[in-house]
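Hi,

Here is the structure I promised to pass on. Please have a look, and then read on for what I found in it.

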Amino acid sequence: MTTSLRDDFFWLGQINKASAVINTDEGLLDPAVAPRIARGLRQLLANAAEPGAARPSLVITFEPLLIQAAGVEATLLHAGRSSQDMLVAVRHAILRDALLDLAGQLQQTAQLLAGMARQHAATIVPNYTNGVAAQPNSYGHYLLGHVAGLQRDAQRLQQTYARLNLSPMGTTVLNGTGWPLNRERMAAYLGFDGIVDNAYDAGQIHGAEMPVEIGNLVSTMALHVGAFIQDVTLQYAQARPWILLREGAGNTYVSSAMPQKRNPGLLIDTRTKASRVLALAAGRSWHAHNIPPGMNDAKVVAENVEVLRCTGEMLAMFARILDGLELNAARALEELNSDWTASQEVADVLMREHGLPFRVGHHFASEMVSHAKQHDIRPSDFPYRDAQALYAQTIAGEMPGGNGLFPLSEAALRAALDPLGIVLGRRTRGGPQPAEMQRMLDAAEADLAAQADWVQARRREVDAGMARLDADFDRLAAGAAG
């Protein structure tokens with residue numbers, strides 16, 4: 001059965017099947033009566049699978065159908081149970097499926113991003129801080145930065161899953177029951193990793209807390225997607241962008257009045273979706289805020305699943321953006337060579353190779369930029385003699401008596417202003433130089449493979465628990481009639 005069909009009714013059925021098997025084995029249900037109850041339950045579940053059949057989502061509306069199918073003795077299954085612990089278990093199981101669906105989409109989107117990072121490891125582009133061109137960088141390095149954010153999202157998701165995938169069954173309303181229920185076996189049959197230990201916590205605290213944690217989890221995903229979208233969207237304000245969405249295929253749309261416009265519809269729609277994720281996520285806290293324990297405000301499963309579903313849609317739309325991007329590497333390099341994003345390297349070279357205090361070198365480079373902008377000079381065309389004169393002026397003003405002879409040759413100055421040379425010359429761990437890019441790409445790809453394995457392993461564990469339940473339940477139903 002696909003996870004989309006595992007609704008409230010399905011999980012109430014699983015809980016009843018598990019109760020029948022466990023309570024019979026534990027001596028809480030008469031083995032002479034149990035097979036007849038099991039067969040009635042099995043017929044009820046089969047009937048509900050027919051098109052248009054009723055599939056009630058509450059314990060009090062499920063039970064009359066069970067009585068009709070198996071007789072009033074079927075309510076013996078309710079020993080030590082309450083709608084409180086049953087419905088929390090149902091909600092957690094449904095959220096678990098939705099969380100694993102989201103984990104799969106997150107992994108796929110991050111994998112696409114990492115693949116693009118490898119493709120563009122040697123593509124040099126401008127990067128921006130405070131909305132202003134800051135430094136040259138490898139586009140692959142930039143993309144790996146975004147991959148790292150999604151990797152942390154995956155880590156948080158796995159941690160959330162570990163806290164979510166615990167069974168409240170057997171805690172009844174809030175302090176347990178006089179029936180000696182086997183809570184651990186019930187948890188295993190339903191695919192949970194274990195139990196919520198404290199009975200009061202299980203139904204009154206944990207169940208209201210988890211939707212809030214899920215809201216917090218998806219918020220960072222939305223922030224990561226929104227930041228990337230904004231970076232691309234800013235290019236659309238330029239006359240000659242270096243990165244855009246490929247036209248058509250639902251990526252862009254034309255203006256009704258201005259023939260030249262190609263509006264980035266997919267960027268806008270995905271940003272809107274990210275905003276919706278954030279609004280839904282914040283709502284989890286508001287619903288859980290300022291209510292006494294045990295209230296249902298924060299536990300409405302459809303609303304909480306919608307948070308995860310909407311986030312999955314956002315990540316799928318983000319993947320479409322990535323697939324639709326067109327990067328003009330020559331135009332990106334042209335922008336770098338027409339601006340002064342390499343100016344910090346001049347100050348760094350003067351300090352690293354000639355011992356000049358960084359702030360003095362920074363002031364000299366700043367004077368170069370001001371002079372160039374005043375006279376509309378590109379970095380690659382900056383006159384060497386002007387650099388010499390500005391250096392002498394800077395030294396005279398900031399280091400009186402110092403040597404005002406410019407220590408860089410013209411070739412060294414040109415090399416310091418070369419965007420590609422700057423990227424290739426990085427030496428710190430985590431930088432965009434080829435060796436570090438290779439290391440980080442390999443690590444990211446290994447982590448993404450582990451994420452895919454994690455999702456599949458969790459699905460197998462849930463399915464294995466329920467396969468054991470189905471086998472044991474079938475054996476019970478096949479027993480002699482009472």
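What radius of gyration does the protein chain have, and what would a compact globule of 482 residues have? The chain has 31 Å, whereas such a globule would be near 23 Å. Here the radius is taken over C-alpha atoms, and the globule rule is 2.2 Å times the number of residues to the power 0.38.

Before the rest, a word on conventions. This is a predicted model, in which local features need pLDDT of at least 70 and side-chain atom pairs count only at pLDDT 80 or more, while totals for chains, interfaces and linings use all residues. Residues are numbered from 1 along each chain as its sequence is written, and side-chain values use heavy atoms, with hydrogens and water left out.

**The chain overall**

Along its principal axes, the C-alpha trace spans about 105 × 55 × 40 Å. The secondary structure comes to 16 helices and eight strands (DSSP runs numbered from the N terminus: H or I of at least four residues for helices, E of at least two for strands). Of the 482 residues, 48% count as buried (under 20% relative accessible area; exposed is over 50%, partly exposed in between, with a 1.4 Å probe and protein chains only). Take contacts (heavy atoms within 4.5 Å) between residues at least 6 apart in sequence: 77% of them join residues at least 24 apart.

**Helix H7**

His206 lies in helix H7, which covers residues 199-235. His206 counts as buried because its relative accessibility is 7%. Its side chain reaches the backbone oxygen of Arg163 at 2.8 Å. Not counting residues up to four places away in sequence, His206 touches His92, Arg163, Leu164, Val196 and Asp201.

Ala227 also has its place in H7. With 42% relative accessibility, Ala227 counts as partly exposed. Its C-alpha atom is separated by 9.2 Å from that of Arg271, 44 residues apart along the chain.

**Helix H2**

Where is Ile37 found? The answer is helix H2, residues 34-48. At 1% relative accessibility, Ile37 is buried. Leaving aside neighbours within four places in sequence, Ile37 is in contact with Leu29, Ala70, Glu73, Ala74 and Leu77. Ile37 and Leu476 are 439 residues apart along the chain, yet their C-alpha atoms are separated by 9.5 Å.

Best wishes

Terms used: Polar contact = N/O pair within 3.5 Å; in protein donor to acceptor, adjacent residues only side chain to side chain.
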